[in-house]
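Please open the model in your viewer and keep the selection tool at hand. The tour below goes from one stop to the next, saying what to select and what is there.

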Amino acid sequence: MAPELGATTLIRTKLHRPRLTPITIARPRLTALLTRQRPLTLVIAPAGYGKTTLISSWLEECAFPHAWLTLDKSDDDPAMFMNYLVAALRTVAPQAGAATLALLVQEAAPPVLLARQFLSELDALTQPLVLVLDDYQVITAAKVHAVVGELLQHPHPKLHLVLAARQDPPLPLASLRARSVLTEVRSSNLRFTAEETAAYIRQRLDGAGAEDLAAVLQEQTEGWIAGLHMAAMYLRGQGNPAAHPYFQAGNRHIMDYLLTEVLSQQTPARQTFLLHTAILNWLCAPLCAVVLGIDEDVAQEQLRWLESHNTFLFAMDGRAHWFRYHHLYQQLLNHQLEQQLPRAEIAELHSRAAAWYAGAGLVDEALRHTLAASDTAGAVALVAEHRHRLMNTEQWRTLRRWLALFDRAVIDQSPVLLLTEAWLIVSQGRTSGHDRILARLDELPDSAADAQLYAEAAIIRCEQLYFAQEPEKCIALARAALAALPASRQLAGSYLLLFLAGALQMLGKREEAYAVLEESLQAAQPYPSAFHVRVLSQLLLVQWIAGDLPAMLNTVRRAQPLAAELGLAETGGWIAYCSGLVYYQWNDLPRAAAALEQLMSQSYILTGSTYVNASYTLAQVYQAQGRNAEALAVSAAALRLLQTIDLARAAMFDGIQAELLLRQGNFAGAARWAALHDDSLPKAPIVDAYVQQLTRPKILIAQGSPRALQEATELLEEMRAFLARIHNIRFLIETLALLALAAQRSGALSRGLTYLEQALSLAQPGGFVRVFVDCGVHLLPLLDLAAQGAVAPVLAAQAAAALRAEQQPSHPDAPAGPVTPVAPIDGAAIAVNATVNASLVEVLTPRELKVLTLLAERLTNKEIAHAMGITSDTVKQHTSNLYGKLQVNGRRQAVMQARSLGLLPPT
């Protein structure tokens, strides 16, 4: 009934073709039209013309496999529609659809992409598929219509789409007719002919006079099947239908009258059953029993009787477990119900249905009935019960859909809904809007009274304190909130830990920041969970700010398999981006390109933050590889998308494009950007791969005039002080490198070398290379000097060699020097390569470096083995290798030599 698919709980009943009733009139003239197998068949007619019955009876004889989807109002949402479309496809091809579902993580996926991805899933089919979308008239969302339109723009040879609706859908029908890809069956075709009416009446009304009745009813209903059916139900055992001369197709008043008459012929228990279950879109015995307060066996017997007597009830599966009323009949029954029962009693029926659906895990249906019962508090309670499950599994679309069910006034009175709204803002990487939400929470007494809600609100306040650079207050609030937040609130807890660790890093307490996150991973149970993945993703942010690239790659390798195992595409995208970022800074361009290209091929699974950073970093990779046009194309594509979904980030990407233009020698284009943007400091810590406040100094340095260089130096000095205060090592390295470049271009070589050595000293543990290469060829004289000095000479020489390898004819004033091909360095060993000096014959492997670190802590071989999860014999082998590479004879000498080489920090 309710499997999990694409992060959405689905009602499987909608995927079943309605079972035919024993009385079904063969209509070969119409089934011949359907058999044409054109890409699209439209079956268009008002309610009651037998659209569903016709299609279902045709499929009984169809030689091809088919998939069925009965649409309802909940499908008027692109994500829900696509989830069900894939679910329908999987009834035929169970393994299909994974790539389509992956696109639904973010709302930015355009209809064209969704449709094309779905069409590609059809390649797995071995024969043509008939896909039926019944009740298509409920769809009003332009994006859903756009998806269907795109399916028909370039029809897949294996897809025959059948749409049944009450009116023409907003699709390009004229174009489809002109291309001869459309078959149409309309009400004029669907009306019963005299012969079909006669056949139908003979089956429904046995006995003499049936032919005469058929002739009268044919004239008075004009072949309208619902009218015929209702009349036959009423006239069974009655007199001449001529007593009711105003049977007309679509006349609701006569249908109301006939329904009243038909109901009066039923037993009181059956009348009650019909009216009380009219509130249900889907019926099964357990649900009906709860709604009516009767025994389940009695409910099952009622359903079987109604189906066998053709009372507008359709069986929706082969087991006759799930049913639905004909929509017209349900509408009429609801009209009668409203006339006969007080509103409070109808609300009670909805409440019972809501309770049953909630127990079955069908929260969407439970919410619908709860709100229909005017039970706002109950609906909020449902959201409160399930929202953290959705957040933990990154089901933001569903959460947003639920929140949209409530009026603004209701949201503003509910701490739960206000916090849900706040989390939706966080999920989009935005901070605007939080002030209003927090102010409103402060006005509600329930917010402070509930310790868990208060702790959750504290997370949002921690975010504000962190970005306002108030780390001490952030730490105190975060620690207090951690004590009150339940472990089940995994995503919320991971954010709280991020701000706690980030604030510690901001104070220069990097090791304590790491310990906070690592200790939380050890305490979390069960393993693995979304909490583990989210905390590791938060650890990547702290490591990036700290400039700790080797640790980042290690975290990526820990987190990636967990994210894949748990299906956390959103967080998995961020983790994959971080791997490309590390490889880029290590100048391993092929690996960086491979990681980022694979990620960007699925760009619509990414959050806005990940998409912006991945686009920027891939553009940098292409630029470094000399693929200038591709670099600009990636940047332009990102800018186009962001202009439609995130104007704030689109403005940031303007600066990114300016940097690319600058690196490609388009100084005029870059200068135009600089003229339009100010040079204010960041108002918050920098967690992205790009910081706009460095773009203007880069452009000024490229201009090279004394005034421009002076302005650039002033801006960079201000930036240096800011970054040093918040301990952002990553961008402090770049700022110092740019200060060195500005000094060199000003002729202050000694001052420039001082700046560069400071940058190299900070960059050495992480193995940063590209941060220097991207400064351009004017940095070469300083890098050559640094390569002969005492501060990270290997790293300086490596950066100089990489710069020469990328030397372009567009820089005729670049210093001369040998052009040495630069091979990509093994990412795990690069920090060591950047640290050791030329006297070290062989670089250390990551495991050898880890053993060396533990030796410095005076651990025994047994303790090292336990810490690393290896045997004591393996530890002995590593130490033996260490002694040989370091040219020493024992532990103490190894540690002393490592400190002298910069492999370990000084004592």
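Begin with the aromatic rings: the rings of Phe, Tyr and Trp (its six-membered ring) are taken as a pair if their centres lie within 6.5 Å, and planes under 30 degrees apart count as stacked, over 60 as edge-to-face and the rest as tilted; by this rule the count comes to 12 aromatic pairs. One of them is formed by Tyr495 and Phe499, a tilted pair with 6.3 Å from centre to centre and 35 degrees between the planes. Before going on, note that this is a predicted model, in which local features need pLDDT of at least 70 and side-chain atom pairs count only at pLDDT 80 or more, while totals for chains, interfaces and linings use all residues. Residues are numbered from 1 along each chain as its sequence is written, and side-chain values use heavy atoms, with hydrogens and water left out.

Now select helix 27 (residues 490-506), where Tyr495 and Phe499 both lie, four residues apart, or about one turn of the helix; helices (H or I, at least four residues) and strands (E, at least two) are DSSP runs, numbered from the N terminus. Both Tyr495 and Phe499 are buried, a word that stands for under 20% relative accessible area, with exposed over 50% and partly exposed in between (1.4 Å probe, protein chains only).

Next, turn to the open sheet, in which five strands are arranged in the order 4-5-6-3-7 with parallel pairing; two strands pair if DSSP finds at least two bridges between them. Strand 4 (66-70) and strand 7 (182-186) stand at the edges, each with a single partner strand, so one side of each has no neighbour in the sheet. Select strand 3 (residues 40-44) along with strand 7, and you will find two parallel strands joined by five bridges. Within strand 7, Arg186 is the bridge partner of Ile44.

For the last stop, select Glu659, which lies in helix 35 (residues 647-663). Is Glu659 buried or exposed? With a relative accessible area of 7%, Glu659 is buried. To see what surrounds this residue, show Tyr616, Tyr690, Thr695 and Lys698, which Glu659 touches when residues up to four places away in sequence are not counted; contact here means heavy atoms within 4.5 Å.
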